[in-house]
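Please read the points below with the sequence and the structure open beside you. Each point takes up one residue, pair or element that can be located in the display.

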Amino acid sequence: MLRADVDTPGNSITAKKLTKLDGSRRDAYRGRLYCPDEKCKAPAYFVSPKRNAKHGHFASRHHTDECEMRSTDLVDIDEGQLREERALIADSDIVKIRFDQPMIWKHGRQTKDPKKNKKVVGATRTRGGKGTKTSAKVSMGLKRLLAHLVRGGGLGSPSPKMQLSDGSRGYADKIIKDTVVLGDKVPDGLLIFYGKVVSTNLKDKVLWLNSGNYLSKRASVRMDESVLSGLLTREDLSRRSQLVGMWFICEAQAIERFSGGANLRVDDIARIAFLKA
């Protein structure tokens with residue numbers, strides 16, 4: 001959240017303004033901040049800006065299920081949030097893709113003290129410190145990663161290192177592939193692909209999500225027809241045609257097809273996410 005209510009509805013403050021206050025004046029807002037959603041009003045707190053971020057943001061651990069400010073709701077995600085997250089990504093050693101809760105964003109740091117052989121979660125990251133080995137890790141769901149790619153201008157430069165579901169690691173610019181630029185090139189290994197659904201069809205109990213027509217040679221996602229009902233329920237859609245025009249992202253291995261281009265086989269709907277254009 002980039003704005004929070006203070007004590008009463010209608011009286012609010014922005015994260016940008018709170019960032020500019022000195023420590024004592026900022027501390028005066030502790031315990032007085034609330035979620036600005038009229039249906040929620042959960043207690044909120046201020047999260048200080050991280051390295052390279054222009055300002056902080058507000059968060060709450062007690063949003064109601066209907067609250068529109070919940071960080072898991074990516075339908076109307078703010079570009080400012082993506083910029084702030086990108087700053088955290090730049091300060092992290094690894095970006096781990098989550099599949100169990102596909103819309104969750106988490107950021108954490110660990111410090112390992114070699115003398116005690118113990119990990120301390122939440123320790124402050126210091127670069128070049130002596131006697132401790134530090135690491136910062138970000139984990140995000142596919143849907144939020146897709147939001148960064150199509151709405152937030154990417155993950156920043158230099159490209160961050162990422163970890164996929166099989167534990168393989170590589171830099172984002174090598175792991176993430178846009179279906180537009182694949183053509184006849186069929187990359188090896190487990191990767192992340194994203195594009196826009198231009199058509200769908202069912203044939204021989206197979207669901208096809210196509211990112212281009214037959215001549216374009218753009219990759220098509222191949223899924224078992226049995227997953228369709230669960231996919232539509234999760235995306236709150238009533239029919240398959242509503243997927244057309246949506247952005248998609250999936251973790252898959254590309255398989256060369258006889259007509260040129262590649263198919264992307266996805267067996268689990270947790271490995272694919274969508275975002276409205």
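1. Thr200. This residue belongs to strand E14, which covers residues 199-203. The model under review is a predicted one. Is Thr200 buried or exposed? Its relative accessibility is 16%, and Thr200 therefore counts as buried, since the cut-off for that class is under 20%.

2. Surroundings of Thr200. Leaving aside residues up to four places away in sequence, Thr200 touches Trp208, Leu209, Asn210, Arg240, Leu243 and Val244. With one of these, Arg240, the side chain of Thr200 makes a polar contact of 2.9 Å.

3. The partner of E19. Strand E17, made of residues 247-256, pairs with E19 in the antiparallel sense, and the pairing runs over four bridges. Within this arrangement, Ile249 is placed opposite Ala273 of E19.

4. Salt bridges, and the pair Asp5 and Lys41. How many salt bridges does the structure hold? There are six. One of them joins the side chains of Asp5 and Lys41, at 2.4 Å from N to O. This pair links distant parts of the chain: Asp5 is in strand E1 (residues 3-6), whereas Lys41 is in the loop between strand E3 (33-34) and strand E4 (45-47), and the two are 36 residues apart. Asp5 is classed as buried because its relative accessible area is 7%. Lys41, with a relative accessible area of 22%, is partly exposed.

5. The pair Asp27 and Arg30. Another salt bridge is formed by Asp27 and Arg30, whose closest N and O atoms are 3.6 Å apart. Asp27 has 40% relative accessibility and so counts as partly exposed. Arg30 has a relative accessible area of 67%, which means that it is exposed, the cut-off being over 50%.

6. The pair Arg234 and Glu235. In this salt bridge the closest N and O atoms of Glu235 and Arg234 are 2.8 Å apart. Glu235 counts as buried because its relative accessibility is 15%. Arg234 is partly exposed, at 32% relative accessibility.

7. Aromatic rings. A search of the whole structure gives one aromatic pair. Rings also take part in arrangements with charged side chains. The charged end of Arg32 sits over the ring of Tyr29, at 5.2 Å from the centre of that ring. Arg271 likewise lies over the face of Phe99, 4.2 Å from the ring centre.

8. His62. Where is His62 placed? It lies in the loop between strand E5 (57-59) and helix H3 (79-90). Its relative accessibility is 56%, so His62 counts as exposed. When residues up to four places away in sequence are not counted, His62 touches Cys40 and Ala42. The C-alpha atoms of His62 and Ala42 are 5.6 Å apart in space, while the two residues are 20 residues apart in sequence.

Note on methods
Residues are numbered from 1 along each chain as its sequence is written. This is a predicted model: local features need pLDDT of at least 70, side-chain atom pairs count only at pLDDT 80 or more; totals for chains, interfaces and linings use all residues. Side-chain values use heavy atoms; hydrogens and water are left out. Two strands pair if DSSP finds at least two bridges between them. Buried means under 20% relative accessible area, exposed over 50%, partly exposed in between (1.4 Å probe, protein chains only). Contact means heavy atoms within 4.5 Å. A salt bridge is a side-chain nitrogen of Lys or Arg within 4 Å of a carboxyl oxygen of Asp or Glu. A polar contact is a pair of N or O atoms within 3.5 Å; within protein, one must be able to donate a hydrogen and the other to accept it, and residues adjacent in sequence count only if both atoms are side-chain atoms. Rings of Phe, Tyr and Trp (its six-membered ring) pair if their centres lie within 6.5 Å; planes under 30 degrees apart count as stacked, over 60 as edge-to-face and the rest as tilted. A charge sits over a ring if NZ of Lys or CZ of Arg is within 6 Å of the ring centre and within 35 degrees of the ring normal.
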